[in-house]
Amino acid sequence: MRHPTLRLLLTLGLGWTAFLGLGLGLRQGLAGPTVTVIIDRSYCAPAQWQPIAANYAALHEQHRQGRLRIGQVIYVSDLGTVVAETVPTSEEVSRLTTFGRFNPTQMEQVLQAQPGAEVFSCHLN
């Protein structure tokens, strides 16, 4: 047997590489669905906004636990749409200020571009 130490290190290295690859593969395979979130920032009374923020907090908790993944968050207002750079925390959403008028045409365009998105709005049922 030539170089038994080298063979042992090679076997251990390949074993750990396979173990890490299997772990990453299972993580990707068992990950929950990816969700796009649309948050309507048009004016909403604070009493109406708090239940919406609580619903987002529940969704964000599922994201945090790995049961689903929030792919992107899109803010919609009468000034246009903005895609958030990072997924906002539930605290950040509860502190959002709402302003302006609801624009149903703009909301419809965003909904058509993002079918199946989770929508958080005071103006949509």
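**Fold, cores and selected residues of the predicted chain**

Gln 112 is found in helix α4, which spans residues 104-113, where helices (H or I, at least four residues) and strands (E, at least two) are DSSP runs numbered from the N terminus. The structure is a predicted model, in which local features need pLDDT of at least 70 and side-chain atom pairs count only at pLDDT 80 or more, whereas totals for chains, interfaces and linings use all residues. Residues are numbered from 1 along each chain as its sequence is written, and side-chain values use heavy atoms, with hydrogens and water left out.

With a relative accessible area of 58%, Gln 112 is exposed; here buried means under 20% relative accessible area, exposed over 50%, and partly exposed in between, with a 1.4 Å probe and protein chains only. The C-alpha atoms of Gln 112 and Val 83 lie 16 Å apart in space, the two residues being 29 residues apart in sequence.

The chain contains 4 helices and 4 strands, and these follow the pattern α-β-α-β-β-α-α-β when read along the sequence. Its radius of gyration is 22 Å, whereas a compact globule of 125 residues would have a value near 14 Å; the radius is taken over C-alpha atoms, and the globule rule is 2.2 Å times the number of residues to the power 0.38. Taken along the principal axes, the box filled by the C-alpha atoms is roughly 80 × 25 × 20 Å. Of the 125 residues, 29% count as buried. Contact means heavy atoms within 4.5 Å, and among contacts between residues at least 6 apart in sequence, 73% join residues at least 24 apart.

The chain exposes about 8700 Å², of which carbon and sulfur atoms supply 58%; accessible areas come from the Shrake-Rupley method with a 1.4 Å probe, and for residues only the protein chains shown count as cover. There are 9 positive and 8 negative side chains, and the centres of the two sets lie 18 Å apart. For this count, Lys and Arg are positive and Asp and Glu negative, while His and the chain ends are not counted; the place of a charge is NZ of Lys, CZ of Arg, CG of Asp or CD of Glu.

In soluble globular proteins, nonpolar side chains tend to be buried together. A nonpolar core is defined as a set of buried Ala, Val, Leu, Ile, Met, Phe, Trp, Tyr and Cys residues joined through side-chain atoms within 4.5 Å. The largest such core has 18 residues, of which Val 37, Ile 39, Trp 49, Tyr 56, Ile 70, Val 73 and Phe 120 touch the most other members. Strand β1 (34-40), helix α2 (46-65) and strand β2 (69-77) each supply at least two residues of this core, and α2 gives the most, with 5 residues. A second, separate core of 6 residues includes Ile 38, Val 76, Met 107 and Val 110. When residues up to four places away in sequence are not counted, Trp 49 touches Ile 39, Asp 40, Cys 44, Val 93, Ser 94, Leu 96, Thr 98 and Cys 122.

Arg 41 is placed in the loop between β1 and α2 and counts as buried at 17% relative accessibility. Leaving aside residues up to four places away in sequence, Arg 41 touches Tyr 75, Val 76, Ser 77, Leu 96, Thr 97, Thr 98 and Phe 99. Ser 77, in strand β2, is likewise buried, at 10% relative accessibility, and under the sequence exclusion of up to four places Ser 77 touches Arg 41, Phe 99 and Gln 106.

Leu 12 is found in helix α1, residues 4-30, and is partly exposed, with a relative accessible area of 45%. The C-alpha atoms of Leu 12 and Glu 118, 106 residues apart along the chain, are separated by 46 Å. Gln 48, in helix α2, is also partly exposed, at 44%, and its C-alpha atom is separated by 66 Å from that of Arg 7, 41 residues away along the chain.
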